[in-house]
Amino acid sequence: MRRFLSTLALASLLSGSVALAQAPAPPPDVAPAKATKLIRRHKVVVLDVRTPAEFATGHVAGARNVDFKAADFAQQVSQLDSTQTYLVYCASGNRSNKAATLMRQQGLRKVVNGGSLPSLKQAGAKTE
C-alpha cells in the first residue's frame with residue numbers, strides 16, 4: 001500500500017511538472033521609459049485593451065483598441081499577425097497583464113505588458 005501511494009504521489013508530481021513546463025511564460029513587463037522608446041521607434045504594434053469609451057478619452061498615438069472586456073476578445077487576438085511584436089497597455093496595468101497572458105496562451109510569443117496609460121504618458125509617450 002505504501003509503495004502504491006509513493007508511486008501515485010510521484011506520478012502526480014511528474015504530471016504537474018509537465019503541465020507547468022507546457023504553460024507559456026508570463027509576458028514580460030517593460031518599464032514605461034523602455035515602452036515609450038519601443039513605441040517611438042515603431043518596434044511594436046501598440047494595443048490599448050481598455051473599453052472603447054476609455055479609448056475615446058485619449059490613447060497612445062497610433063494605438064489600436066482591442067477591448068479586453070469584449071466577448072470576442074479572444075477571437076480578435078486570434079486574427080493578429082503572430083510575426084509582430086505587441087505592446088499592450090490599459091488604465092492601470094491589470095487588464096494589460098491579463099490580456100498579454102491570454103495572447104501568449106493563444107500562441108503570440110512577442111507580447112510585452114507596457115502597463116498603464118498614465119505611466120506611459122509620464123514617460124513621454126505621445127497621445128491623441
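Colleague: How do the residues of the lining of the largest pocket divide into nonpolar, polar and charged?

Modeller: In this predicted model, the lining of the largest pocket divides into 7 nonpolar, 4 polar and 3 charged residues.

Colleague: And how much space lies in that largest pocket?

Modeller: The largest pocket holds about 250 Å³ of space. There are 14 lining residues, and those closest to the centre of the pocket are Ile39, Arg40, His42, Val60 and Ala61. Two elements each give two or more residues to this lining, namely helix H2, which covers 32-40, and strand S1, which covers 45-48.

Colleague: Which element gives the largest share of the lining?

Modeller: That is H2, which contributes 3 residues to the lining of the largest pocket.

Colleague: Staying with H2, which residues there are buried?

Modeller: Ala35, Thr36 and Ile39 are the buried ones in H2. These residues lie on the same side of H2, because the arc they cover around the axis is only 100 degrees. As background, an α-helix has 3.6 residues a turn, so residues three or four places apart point the same way.

Colleague: What about the other side of H2?

Modeller: Ala33 and Arg40 are found on the other side of H2, and both are exposed.

Colleague: Changing topic, how many salt bridges are there in the whole structure?

Modeller: The search of the whole structure finds 2 salt bridges. One joins the side chains of aspartate 48 and arginine 50, at 2.7 Å from N to O. The other is formed by the side chains of glutamate 54 and arginine 95, at 2.8 Å from N to O. This second pair links distant parts of the chain, since glutamate 54 sits in helix H3 (residues 52-56) and arginine 95 in helix H5 (residues 94-105), 41 residues apart.

Colleague: How many aromatic pairs does the whole structure have?

Modeller: The search finds 1 aromatic pair in the whole structure. Phenylalanine 68 and phenylalanine 73 make up that pair in an edge-to-face arrangement, with 5.2 Å centre to centre and 75 degrees between the planes. Phenylalanine 73 is buried, with a relative accessible area of 3%, while phenylalanine 68 is partly exposed at 23%.

Colleague: Back to helix H5: where does arginine 104 lie, and what is its relative accessible area?

Modeller: Arginine 104 lies in helix H5, and its relative accessible area of 11% makes it buried. The C-alpha atoms of arginine 104 and valine 77 are separated by 9.8 Å, with the two residues 27 apart along the chain.

Colleague: What does the secondary structure of the chain come to, and how do the elements run from the N terminus on?

Modeller: The chain has 6 helices and 4 strands, and from the N terminus on the elements run α-α-β-α-β-α-β-α-β-α.

Colleague: Last one, what share of the residues in the chain is buried?

Modeller: Of the 128 residues in the chain, 34% are buried.

Key. Residues are numbered from 1 along each chain as its sequence is written. This is a predicted model: local features need pLDDT of at least 70, side-chain atom pairs count only at pLDDT 80 or more; totals for chains, interfaces and linings use all residues. Side-chain values use heavy atoms; hydrogens and water are left out. On a 1 Å grid over the protein atoms alone, a cavity is a set of points where a 1.4 Å probe fits but cannot get out, and a pocket is an open set with protein on both sides within 12 Å along at least five of seven lines; lining residues have an atom within 4 Å of a point. Grid points are joined across faces, edges and corners, and a volume is the space filled by probe spheres set on the points. Ala, Val, Leu, Ile, Met, Phe, Trp, Tyr, Cys and Pro count as nonpolar, Asp, Glu, Lys and Arg as charged, and the others, Gly among them, as polar. Rings of Phe, Tyr and Trp (its six-membered ring) pair if their centres lie within 6.5 Å; planes under 30 degrees apart count as stacked, over 60 as edge-to-face and the rest as tilted. Buried means under 20% relative accessible area, exposed over 50%, partly exposed in between (1.4 Å probe, protein chains only). A salt bridge is a side-chain nitrogen of Lys or Arg within 4 Å of a carboxyl oxygen of Asp or Glu. The arc is that of the directions from the helix axis to the C-beta atoms.
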